[in-house]
Amino acid sequence: MAFIYLGYSGVILRTINFTIGIDVASLLSEKDIQKISKMDLLVYTHIHSDHFNAATAQKIYEKTGCFIAAEQNVYDALLGIVPAEKLIKLQGGESKEIYLETGRIVPSSIHGFHPVQIILLTIEVDGIRVFHGGDSGYSQSIKDLGHADIAFLPTGDPSPTASPEDALEMALDLCPKVIVLFHGSSAQHNSFINRAKSSLIAELIQAETGKVYAEDALPNK
Ligand SMILES: [Zn+2]
């Protein structure tokens, strides 16, 4: 798989069959959106503006006809903007199966720890399990999500709940092969890396905004 990092917790994942955008907020310009040739699913962890922007979601939907899977408050904000049959509500503790022409995408979510309701999730797609931590603090329920092949972990700034310590606890539960650090300062990323050295065996990537990652270390299905 490959991905592009957009800033904050925004990523676009590309697998053999699918393109999935997560927490893209308003990180894509009008021009970027017009250039999107394919988007199967948008996912939103919570309603904060560095994660979700209704106008951007609407424009991407109108360009691509994608499904949108979202936490309750985001779901409510999109009702009436995007057709209900394209909206999927993600509530902590449940899995949804999304069937598309090229196969199936299965998001499973739990409630995280944040000033507003937030969900953390794994997305099973093309045989890969991807974890996305929004900008949440650690929650014991992460254990319920099982293993992840690649984990996107928030280390802090500007989130009041994410931290290098919380990210490390997430990583220890998820045992990912690849860890991508985002939503944090470089000092917080480094703090995570120093802590992780002795306790984790994983490829570590500090996400750089606008960069495309398609490295051999990424699960290659
Ligand atoms: Zn937030």
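Q: In the hairpin of β9 and β10, how many residues lie between the strands, and which residue there takes a positive phi?

A: Strands of a sheet pair through backbone hydrogen bonds, and they do so either parallel or antiparallel. In this predicted model, the hairpin of β9 and β10 has two residues between the strands, and aspartate 126 takes a positive phi near 50 degrees. The pairing of β9 with β10 (residues 128-132) is antiparallel and runs over five bridges, and within it isoleucine 123 stands opposite valine 130 of β10.

Q: Which strand is joined to β9 by seven bridges, and which residues stand opposite each other there?

A: Strand β8 is joined to β9 (residues 119-125) by seven bridges, and the two run antiparallel. To follow the pairing along the strands, you can look at isoleucine 110, which stands opposite leucine 120 of β9, and then at valine 106, which stands opposite glutamate 124 of β9. Strand β9 is also mostly covered, with six of its seven residues buried.

Q: What does β8 form with β7?

A: Together β7 and β8 form a hairpin, with two residues between them. Strand β7 (residues 98-100) pairs with β8 (residues 103-111) in the antiparallel sense over three bridges, and the bridge partner of leucine 100 is glycine 103 in β8.

Q: What is the order of the strands in the open sheet of seven strands, and which are its edge strands?

A: The open sheet has the order β6-β5-β4-β3-β2-β1-β14, and its pairing is mixed. The edge strands are β6 (87-89) and β14 (212-213), each of which pairs on one side only.

Q: Which residues of helix α2 are buried, and why do they line one face of the helix?

A: An α-helix has 3.6 residues a turn, so residues three or four places apart point the same way. In α2 (residues 54-64), the buried residues are Thr56, Ala57, Ile60 and Tyr61. Seen down the axis of α2, these buried residues fall within an arc of 135 degrees, so they line one face of the helix. The face turned away from that buried side carries the exposed residues Ala55 and Glu62. As for what the buried residues of α2 pack against, the partners are β3, α1, β4 (41-44), β5 (67-70) and α3 (72-78). After α2 comes glycine 65, whose phi is positive, near 70 degrees.

Q: Which residues touch the most other members of the largest nonpolar core?

A: In soluble globular proteins, nonpolar side chains tend to be buried together. Here the largest nonpolar core has 67 residues, of which Leu42, Ile68, Ala151, Ala171 and Val180 touch the most other members. Leaving aside neighbours within four places in sequence, isoleucine 68 is in contact with Leu42, Ala57, Tyr61, Leu78, Val82, Lys86, Leu87 and Ile88.

Q: Is aspartate 23 buried or exposed, and what is its phi?

A: Most residues other than glycine have a negative phi, and most peptide bonds are trans. Aspartate 23 has a positive phi, near 45 degrees, and is placed in the loop between β3 (19-22) and α1 (30-35). This residue counts as buried because 27 C-beta neighbours lie inside 10 Å, where the cut-off for buried is 20 or more. Cysteine 175 likewise takes a positive phi near 45 degrees, in the loop between α4 and β12 (178-182), yet cysteine 175 counts as partly exposed because it has 14 such neighbours inside 10 Å.

Q: Which peptide bond is cis?

A: The peptide bond from aspartate 157 to proline 158 is cis, with omega near -5 degrees. Proline 158 is found in the loop between β11 (150-154) and α4 (164-174).

Q: How many helices and strands does the whole chain have?

A: The secondary structure of the protein chain comes to five helices and 14 strands. Its radius of gyration is 16 Å, close to the 17 Å that the globule rule gives for 221 residues, so the chain is as compact as a globular protein of that length. Of these 221 residues, 49% count as buried.

How values were computed. Residues are numbered from 1 along each chain as its sequence is written. This is a predicted model: local features need pLDDT of at least 70, side-chain atom pairs count only at pLDDT 80 or more; totals for chains, interfaces and linings use all residues. Two strands pair if DSSP finds at least two bridges between them. Helices (H or I, at least four residues) and strands (E, at least two) are DSSP runs, numbered from the N terminus. A residue is buried if 20 or more other C-beta atoms lie within 10 Å of its own, exposed if 12 or fewer, and partly exposed in between; C-beta atoms are placed from the backbone. A nonpolar core is a set of buried Ala, Val, Leu, Ile, Met, Phe, Trp, Tyr and Cys residues joined through C-beta atoms within 7 Å. Two residues are in contact if their C-beta atoms, placed from the backbone, lie within 7 Å. The arc is that of the directions from the helix axis to the C-beta atoms. The radius of gyration is taken over C-alpha atoms; the globule rule is 2.2 Å times the number of residues to the power 0.38.
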